[in-house]
Amino acid sequence: MIVDMLPIGLSSVYLWFSTAAGIAGNICAISLYVSPMPTFKRIITNKSTEQFSGLPYIYGLLNCLICTWYGLPIVKSGIIMVATVNSIGAVFLLVYLIIFITYAEKSIKLRISGLLAAVSVLFEAVVLVSLRLVGHERELFVGYICAFSVVSVYASPLFIINLVIKTRSVEFMPFNLSLATFLVSFSFCAYGALQGDPFVYIPNSLGTILGFVQLVLYSYYSKMSGDDDSREPLLA
C-alpha cells in the first residue's frame with residue numbers, strides 16, 4: 001500500500017482521507033439503495049409489478065456479491081469499505097427481488113427466480129475458483145471480474161443519457177439519483193486511488209464521468225422542459 005511508504009505523520013493523514021472517502025461512499029450508496037422504496041411500496045400496494053423490470057436488481061445483486069467478495073481480506077486486504085457498502089447493497093437488492101417475485105405474474109416470477117438462482121451459482125463458482133488460487137493470483141482473478149462488473153453497471157446510464165437527449169426530457173433521470181450516483185462513484189474513485197487499487201478507482205472514475213454528464217444534462221434539459229423530479233426511481 002502507498003501508506004507504507006510515507007512518514008508516520010503523513011501516513012496518518014493519508015489514512016484519515018482514505019477512511020473518510022470510504023465512509024462518504026458508504027453513506028451516499030445507502031441513499032441509492034433506498035431510492036427504489038417508493039416503487040416497491042407501489043408494487044406492494046397494487047399487488048402487481050406492473051411494467052417494472054426486475055433485471056436491474058438481478059444485475060445489481062450479482063455486482064454487489066462479487067464486489068463484497070473482492071473487498072474481504074481473504075481476497076484483498078485494506079479495502080474493507082468496499083465489502084461493507086456492497087454487502088449492505090446485496091441485502092437491499094435481495095429484499096427487493098423477493099418482493100418483486102412475490103407480486104410478479106407467473107411467467108415473470110419463474111424467469112426472475114431462475115435468474116436469481118443463476119446469480120447464486122455464478123457467484124459460488126467465482127468464490128470456489130478464487131479459493132483455489134493463492135496470493136496475488138486470487139486478487140487479480142476476482143479484481144478483474146469485479147472491475148468488469150462495476151463497469152457494466154455504470155454503463156447502464158448510457159441508455160438513460162441517450163433517452164434524455166432524444167426526448168429532451170429528464171423525466172426518466174431523477175436528479176437525486178444522478179447526484180447520488182456521482183457522489184458514490186467519486187467517493188470510491190478517491191478511496192481506490194488513495195488505496196492504490198486500480199480495480200476500484202478505474203471503474204469508479206468511469207462512473208464519476210458518467211454521473212457528471214447526467215448532472216450536466218439534467219441542468220440543461222430541466223430548464224428547457226420544466227420537468228420535475230417526480231418519477232419514482234426503479235434503478236439504483
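1. Start with Lys-47, which is exposed at a relative accessible area of 60% (exposed is over 50%, buried under 20%, partly exposed in between, with a 1.4 Å probe and protein chains only). Lys-47 belongs to the loop between helix H2 (37-46) and helix H3 (55-71); helices here are DSSP runs of H or I, at least four residues, numbered from the N terminus. Its phi is near 55°, a positive value in a residue other than glycine.

2. Glu-50 is in the loop between H2 and H3 too. Glu-50 also has a positive phi, about 50°, although it is not a glycine. It is partly exposed, with a relative accessible area of 29%.

3. Do keep in mind that this is a predicted model, where local features need pLDDT of at least 70 and side-chain atom pairs count only at 80 or more, while totals for chains, interfaces and linings use all residues. Residues are numbered from 1 along each chain as its sequence is written, and side-chain values use heavy atoms, without hydrogens or water.

4. The chain's mean pLDDT (the predictor's confidence in each residue, from 0 to 100) is 86, and 89% of residues reach 70 or more. Over residues 227-236, though, pLDDT is below 50, and this stretch has 34 contacts in the model beyond near neighbours in sequence (contact means heavy atoms within 4.5 Å). Where pLDDT is low, the predicted coordinates should not be read in detail.

5. Now over to Trp-16, which sits in helix H1 (residues 8-34). Trp-16 is exposed, with a relative accessible area of 57%.

How values were computed: Helices (H or I, at least four residues) and strands (E, at least two) are DSSP runs, numbered from the N terminus.
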